[in-house]
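Thanks for coming. I'll walk through the spaces in this protein, then the ligands, then a few backbone points. Here it is on the screen.

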Amino acid sequence: AIDPQFDQNREKAGTHEGHDVWGPVEEPEQLGIHGTHVAVDFDICLADGACLKDCPVDVFEWVDTPGHPESEIKADPANEAQCIDCMLCVDVCPVDAIDVDSG
Ligand code: SF4
Ligand code: F3S
Ligand code: ZN
């Protein structure tokens with residue numbers, strides 16, 4: 001599961017589409033965590049798609065991640081600022097790849 005303390009335990013490795021990326025990143029095998037308020041551990045995501053389907057405000061968008069061992073697409077929190085903290089995505093992800101900081 002994603003480490004809910006990722007913002008303390010990881011270093012920022014850069015940005016992607018306006019959100020932070022938390023390392024380590026070693027493309028294409030290791031991609032880190034995308035987002036901060038809505039955070040997706042790309043190294044755990046296996047492209048189930050429930051988060052895209054269920055998010056009521058369309059926070060997530062697919063991004064291509066060719067060569068990653070878990071899946072070659074990931075749910076990117078492209079619109080994390082729209083999040084209304086409903087926690088649906090956290091509940092439906094089968095591999096607990098998502099953390100939403102609702103505190
Ligand atoms: Fe979307 Fe709700 Fe998840 Fe926020 S907590 S990203 S609104 S499903
Ligand atoms: Fe990935 Fe979980 Fe969404 S596996 S696509 S973050 S439901
Ligand atoms: Zn991203």
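The largest pocket holds about 220 Å³ of space. By pocket I mean, on a 1 Å grid over the protein atoms alone, an open set of points with protein on both sides within 12 Å along at least five of seven lines. Grid points are joined across faces, edges and corners, and a volume is the space filled by probe spheres set on the points. The lining of this pocket is 16 residues, and V25, E27, L31, H34 and F42 lie nearest the centre. A lining residue has an atom within 4 Å of a point. Two elements give two or more residues to that lining: β1 (12-16) and β5 (61-64). β1 gives the most, with four residues. Strands are DSSP runs of E, at least two residues; helices are runs of H or I, at least four; both are numbered from the N terminus. By class, the pocket lining has eight nonpolar, six polar and two charged residues. Ala, Val, Leu, Ile, Met, Phe, Trp, Tyr, Cys and Pro count as nonpolar, Asp, Glu, Lys and Arg as charged, and the others, Gly among them, as polar.

A word on the source. This is a predicted model, in which local features need pLDDT of at least 70 and side-chain atom pairs count only at 80 or more, while totals for chains, interfaces and linings use all residues. Residues are numbered from 1 along each chain as written, chains are lettered from A and ligands numbered from 1 in written order, and side-chain values use heavy atoms, without hydrogens or water. pLDDT is the predictor's confidence in each residue, from 0 to 100. The protein averages 97, and 100% of the residues score at least 70.

Now the cavities. A cavity is a set of grid points where a 1.4 Å probe fits but cannot get out. How many cavities of 30 Å³ or more does a search of the whole structure find? Two. The largest cavity has a volume of about 100 Å³. Its lining is 15 residues, with C45, D48, G49, C51 and C93 closest to the centre. Which ligand takes up the space of the largest cavity? Ligand 2. Around ligand 2 there are 13 residues, the closest being C45, L46, G49, C51 and C93. Here, near means a heavy atom within 4 Å. That shell has 11 nonpolar, one polar and one charged residues.

The second largest cavity has about 80 Å³ of space. Its lining includes C55, C83, C86, M87 and C89. Ligand 1 sits there, meaning that more than half of its atoms lie within 2 Å of the grid points. C55, C83, C86, M87 and C89 are also the closest of the 14 residues around ligand 1. The shell of ligand 1 has 13 nonpolar, no polar and one charged residues.

Last, the backbone. The peptide bond from G23 to P24 is cis, with omega near 5°. E27 to P28 is cis too, with omega near 0°. P28 is in the loop between β2 and β3. E17 is not a glycine, yet has a positive phi of about 50°. E17 lies in the loop between β1 and β2. Is E17 buried or exposed? Exposed, at 62% relative accessible area. The cut-offs, with a 1.4 Å probe and protein chains only: buried is under 20%, exposed over 50%, partly exposed in between. D76, in strand β6, is buried at 1%.
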